[in-house]
Amino acid sequence: MTSTSPTGRGRGSFLGQGARFVVIGGLGTALYVGLFWVFALVMGTQSANISSWVLATVLGNLLHRRYTYGVRGGHLRRTDNVVTFATALVELAASAALLEAFSGAGALSQGGLVVLGTVVGGALRFVLNRVWFARSAPNMNVAAAVDASS
């Protein structure tokens, strides 16, 4: 593991981090679509979209923080969560816009639209989160960071 700081920020290569993001994101997307289909049976399309997005996003964020970005502990947790949640809103907005644009679509097509929105938002989210999580921990001097990585 190549960690740039004691908190694990910036963990690994771009390719390795990207692969973890795709695997965890794929599982989160599968959960999102599965919940969407179930919720759509008992509520409207947009309500099902928002409800399933919230649940899948919370779980996905926890997994990404730990495994994709290697962040452990409470250091900057609130700030990290705000940044991650804000970038996740792109996924919700893309999915909601697609579902609205194709409001007559069947259940299978709606699931595909949710996936498409998640892929579009997820690509942006990965880049923004990689930049965010790769920053050095504040109030750390260079010597402490070097000692921690040895």
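This is a predicted model: local features need pLDDT of at least 70, side-chain atom pairs count only at pLDDT 80 or more; totals for chains, interfaces and linings use all residues.
Which residues line the second largest pocket? Residues are numbered from 1 along each chain as its sequence is written, and side-chain values use heavy atoms, with hydrogens and water left out.

**View 1. Lining of the second largest pocket.** The lining consists of Trp53, Val54, Thr57, Val58, Asn61, Leu62, Arg65, Arg77, Asn81 and Phe85; a pocket here is an open set of points on a 1 Å grid over the protein atoms alone, with protein on both sides within 12 Å along at least five of seven lines, and lining residues have an atom within 4 Å of a point. The second largest pocket holds about 160 Å³ of space, and helix H2 gives the largest share of its lining, seven residues.

**View 2. Leu62 and Asn81.** Leu62 belongs to helix H2, and its C-alpha atom is separated by 9.3 Å from that of Asn81, 19 residues apart along the chain.

**View 3. Nonpolar surface patch.** Leu31, Ile50, Val54, Val58, Leu59, Leu62, Leu63 and Tyr67 make a patch of about 660 Å², where patch residues have over 30% relative accessible area and no salt bridge, and nonpolar side chains are joined within 5 Å. Helix H2 (residues 45-68) contributes the most to this patch, with seven residues; helices are DSSP runs (H or I) of at least four residues.

Terms used. Patches are made of residues with over 30% relative accessible area and no salt bridge: like charges are joined within 9 Å, nonpolar side chains (Val, Leu, Ile, Met, Phe, Trp, Tyr) within 5 Å. Accessible areas come from the Shrake-Rupley method with a 1.4 Å probe; for residues, only the protein chains shown count as cover. A salt bridge is a side-chain nitrogen of Lys or Arg within 4 Å of a carboxyl oxygen of Asp or Glu. Helices (H or I, at least four residues) and strands (E, at least two) are DSSP runs, numbered from the N terminus. On a 1 Å grid over the protein atoms alone, a cavity is a set of points where a 1.4 Å probe fits but cannot get out, and a pocket is an open set with protein on both sides within 12 Å along at least five of seven lines; lining residues have an atom within 4 Å of a point. Grid points are joined across faces, edges and corners, and a volume is the space filled by probe spheres set on the points.
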